[in-house]
Amino acid sequence: MITVNNISKSFDNIKIINDVSAVFDKGKTNLIIGQSGSGKTVLMKCLLGLLDIDHGEILYNGKKFDKDNISTISHLRKQIGMVFQGSALFDSMSVLENIIFPLRMFSDNTDSEMINRAKEVINRVDLKDVDNKFPSEISGGMRKRVAIARAIVLNPKYLFCDEPNSGLDPKTAIIIDKLIKEITIEYDITTVINTHDMNSVMEIGDKIIFLVEGKKIWEGTNTEILDTDDQMINDFVYSSELFKKVKLAQKKN
Amino acid sequence: MKFFFHIGRYFLMIKYTFTKFTKWSVLKKLIFQEIDDLILGSIGIVAFMSFLIGGVVAIQTALAIENPFLPGNLIGFATRQSVILEFAPTLISIIMAGKVGSFITSSIGTMRVTEQIDALEVMGINSFNYLIFPKIISLLLYPFLITLAMFLGILGGYVASVYAGFSTSFDFIQGIQLDFQVFHIVYTYSKTMLFAFVLATIPAYHGFYMRGGALEVGKASNISFVWTSSVIIILNFIVTQLLLA
């Protein structure tokens, strides 16, 4: 579980995150949603310690996330997996080497043990015949799978995904969403996902936080979000014709 | 004020580079990779440039001293002094600022743009140490390149002056042995080591702290070359004043 208490972050005196408090539950897919520029990525980077917060505190399982406490932070980092928007795979390494990388850095396993573990997670994310290929030689969907495999290879307690299905076709996007959901349940981890894709919200949104200009204005589940009366949320949710038709059909029924 | 901000951040980067070391088994591979990219990959251009520059120095010296009263070994002597004291360490370092410096800035910059550095940090890896330390260590072999440049520069001078008829082989060889001072070699390698550190760290700084996309990677490489070569020239002046003046 991750608890965020009143965190704020500014750039050049402009508040990008404004007094946000939230709880991200264990074993659930927690979604941070909002329009582009609403502060989703900045909030995630604050949670990961990639950006320093101006105010507030972040607690991982009740322990304060303090960048200056080297031993605590080093221990915690090994429990965090991250899937970046652009996958962030290392160009100079093959798919297998990318997945083995966290093991090589943080485990004392032998080469064969590391390869076996890497192959285990490669199978888990349904990747085939790509072990020796480089990231530039595989498709966007495959790169996301590799990124997920690399994120879970150390059995993390926390999984962060920044726009995990951006740039993917709708079918692949749903497959990736479902994979993340399955892994969350299977590994019983706290998953935090940034997205502005309503399909993802409906598919995997166990808990949703809605951001507008850096402020949390709503929190709920993927069924509650369809029924809210909040105009800003409705503008976001029903911005697509498909969802408008769904809403209309629901009313008729 | 911005200048001092960059100076401060550069020295902090160096401090972070030497803290929280990456696992030795990983670091070892990275160091060998950097030696291959930065040192072995530069042998060709260094050999080509040094040989031709040595030849040009010898020809220009010969043309400038056509007076028959000047000793014949002067061409060899002047070529040796110019190549060892200045052309090999300084000019080759400026060429390397373009070749190696741009490579370092663009490779680290691309990692920044594609969030690979963020990925390292999220994993709890000290990205400064992981990316910059192997470059600094591999450039400890930079004197090897400069030694090669010295040898080939003088060889180029020999070939140009002897085969173009400006000097005899005997005179040239006597010239390069004339009044040889070991301290000049100490001076040359001292500044070579200083330039090697600059070549590893200033381009790394510009790559590490760049923001933006592909266009900015190109701009960062450009700025990195300007700063690296400027710092090399300034340091060359200071070291020369301190050690030779």
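## A patch on the surface of chain B

Start with two helices of chain B, α9 (182–208) and α10 (214–243): each supplies at least two residues of a nonpolar patch. Keep in mind as you go that this is a predicted model. Now select B:F180, B:V182, B:F183, B:V186, B:I234, B:F237, B:I238, B:L242, B:L243 and B:L244, which make up that patch on the surface and together have about 960 Å² of accessible area. Which helix gives the most to the nonpolar patch? It is α10(B), with five residues. Click on B:I238, which is found in helix α10 of chain B. This isoleucine, B:I238, is partly exposed, at a relative accessible area of 39%.

## Chain B as a whole

Zoom out and show chain B as a cartoon. You will find ten helices and zero strands. The C-alpha trace of chain B spans about 70 × 40 × 35 Å along its principal axes. Chain B has 245 residues, of which 48% count as buried. Take the contacts in chain B between residues at least 6 apart in sequence: 86% of them join residues at least 24 apart.

## A serine in a loop

Next, select B:S42, in the loop between α2 (24–39) and α3 (43–64) of chain B. Is B:S42 buried or exposed? B:S42 is buried, with a relative accessible area of 0%. Show its surroundings, and apart from residues up to four places away in sequence you will see B:S42 touching B:M96, B:K99, B:V100 and B:L145.

## Rings, in both chains

Colour the aromatic side chains. Over all chains, the structure holds 16 aromatic pairs. One of them joins A:Y60 and A:F65 in a tilted arrangement, 5.2 Å centre to centre with 40° between the planes. Both partners are covered: A:Y60 is buried at 2% relative accessible area, and A:F65 counts as buried at 10%. Jump to chain B for an edge-to-face pair, B:F3 and B:F4, with centres 5.6 Å apart and planes at 75°. Here B:F3 is partly exposed, with a relative accessible area of 45%, while B:F4 counts as exposed at 59%.

Then select B:Y10, B:F11, B:Y16, B:F128, B:Y205, B:F208 and B:Y209, a cluster linked by ring pairs. For another example, go to chain A, where the charged end of A:R150 sits over the ring of A:F90 at 4.9 Å from the ring centre.

## Salt bridges

Side chains of opposite charge can pair when their charged atoms come close. The whole structure has 15 salt bridges over all chains.

- Select A:E120 and A:R117: their side chains meet in a salt bridge (2.9 Å, N to O). Both lie in helix α4 of chain A, three residues apart, about one turn of the helix. A:E120 counts as partly exposed at 49% relative accessibility, whereas A:R117 is buried at 14%.
- Move on to A:E186 and A:R124, which also meet in a salt bridge (2.8 Å, N to O). This pair links distant parts of the chain, with A:E186 in helix α6 (residues 170–187) and A:R124 in helix α4 of chain A, 62 residues apart.
- In chain B, pick B:K135 and B:E34, a salt bridge whose closest N and O atoms are 2.8 Å apart. B:K135 lies in helix α6 (residues 127–138) and B:E34 in helix α2 of chain B, so the pair ties together parts that are 101 residues apart in sequence. B:K135 counts as buried at 4% relative accessibility, and B:E34 counts as buried at 10%.
- Finally, select A:D25, A:K28, A:K207, A:K216 and A:E219, which are linked in a network of salt bridges.

## Last stop: a phenylalanine in chain A

Centre the view on A:F134, in the loop between α4 (111–124) and α5 (140–152) of chain A. A:F134 is partly exposed, with a relative accessible area of 31%. Beyond its neighbours within four places in sequence, A:F134 is in contact with A:D91, A:S92, A:M93 and A:S94.

Definitions and conventions:
Residues are numbered from 1 along each chain as its sequence is written. Chains are lettered from A and ligands numbered from 1 in the order in which they are written. This is a predicted model: local features need pLDDT of at least 70, side-chain atom pairs count only at pLDDT 80 or more; totals for chains, interfaces and linings use all residues. Side-chain values use heavy atoms; hydrogens and water are left out. Patches are made of residues with over 30% relative accessible area and no salt bridge: like charges are joined within 9 Å, nonpolar side chains (Val, Leu, Ile, Met, Phe, Trp, Tyr) within 5 Å. Accessible areas come from the Shrake-Rupley method with a 1.4 Å probe; for residues, only the protein chains shown count as cover. A salt bridge is a side-chain nitrogen of Lys or Arg within 4 Å of a carboxyl oxygen of Asp or Glu. Helices (H or I, at least four residues) and strands (E, at least two) are DSSP runs, numbered from the N terminus. Buried means under 20% relative accessible area, exposed over 50%, partly exposed in between (1.4 Å probe, protein chains only). Rings of Phe, Tyr and Trp (its six-membered ring) pair if their centres lie within 6.5 Å; planes under 30 degrees apart count as stacked, over 60 as edge-to-face and the rest as tilted. A charge sits over a ring if NZ of Lys or CZ of Arg is within 6 Å of the ring centre and within 35 degrees of the ring normal. Contact means heavy atoms within 4.5 Å.
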